[in-house]
Amino acid sequence: MKLLDKALSSLTEKQYKYLIARYVANKSAREIAEAEGVSHQAIEKHLNAAVKKVKKMFKGFFRK
């Protein structure tokens, strides 16, 4: 859990908010964008950056 906490705390406020909305609340990028008043491309950009950061933190944690 410490690694997950560290990974999530490395995200920006928006990245964290959108990542939770997407993967915990199961909202689409379009739904998040509509609620936030921004384009879905902006949401996708933040989500992609967030996922990249989290994956980087877990690199090497899982063995193939």
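Q: Of the 64 residues of the protein, what percentage count as buried?
A: This is a predicted model, in which local features need pLDDT of at least 70, side-chain atom pairs count only at pLDDT 80 or more, and totals for chains, interfaces and linings use all residues. Residues are numbered from 1 along each chain as its sequence is written, while side-chain values rest on heavy atoms, with hydrogens and water left out. Buried means under 20% relative accessible area, exposed means over 50%, and partly exposed lies in between (1.4 Å probe, protein chains only). Of the 64 residues, the share that counts as buried is 22%.

Q: How confident is the predictor, and in which helix is confidence highest?
A: pLDDT is the predictor's confidence in each residue, from 0 to 100. The protein averages 92, and 97% of the residues score at least 70. Confidence is lowest in helix α1 (residues 2-9), with a mean of 88, and highest, at 98, in α3.

Q: In what order do the elements of the protein run from the N terminus on?
A: Helices (H or I, at least four residues) and strands (E, at least two) are DSSP runs, numbered from the N terminus. The protein has four helices and zero strands. From the N terminus on, the order is therefore α-α-α-α.

Q: Among contacts between residues at least 6 apart in sequence, what percentage join residues at least 24 apart?
A: Contact here means heavy atoms within 4.5 Å. The C-alpha atoms fill a box of roughly 40 × 20 × 20 Å along the principal axes. Among contacts between residues at least 6 apart in sequence, the share joining residues at least 24 apart is 59%.

Q: Leaving aside neighbours within four places in sequence, which residues is V54 in contact with?
A: V54 sits in helix α4, and its relative accessibility of 18% makes it count as buried. V54 and S9 are 45 residues apart in sequence, yet their C-alpha atoms are 9.8 Å apart in space. Once neighbours within four places are set aside, the contacts of V54 are A7, L11 and L19.

Q: How far apart are the closest N and O atoms in the salt bridge of K17 and E36?
A: A salt bridge is a side-chain nitrogen of Lys or Arg within 4 Å of a carboxyl oxygen of Asp or Glu, and by this rule the count is one. K17 lies in helix α2 and E36 in helix α3, so the pair ties together parts that are 19 residues apart in sequence. K17, at 44% relative accessibility, counts as partly exposed, and E36, at 31%, is partly exposed too. The closest N and O atoms of K17 and E36 are separated by 3.0 Å.

Q: What is the length of the polar contact that joins the side chains of Q15 and K53?
A: Q15 lies in helix α2 and is buried, with a relative accessible area of 7%. A polar contact is a pair of N or O atoms within 3.5 Å; within protein, one must be able to donate a hydrogen and the other to accept it, and residues adjacent in sequence count only if both atoms are side-chain atoms. A polar atom of the Q15 side chain lies 2.9 Å from the backbone nitrogen of T12. The polar contact that joins the side chains of Q15 and K53 is 3.2 Å.

Q: Which residue has a positive phi although it is not a glycine?
A: Most residues other than glycine have a negative phi. The residue in question sits in the loop between α2 and α3 and is exposed, with a relative accessible area of 61%. With a positive phi of about 60 degrees, this residue is N26.
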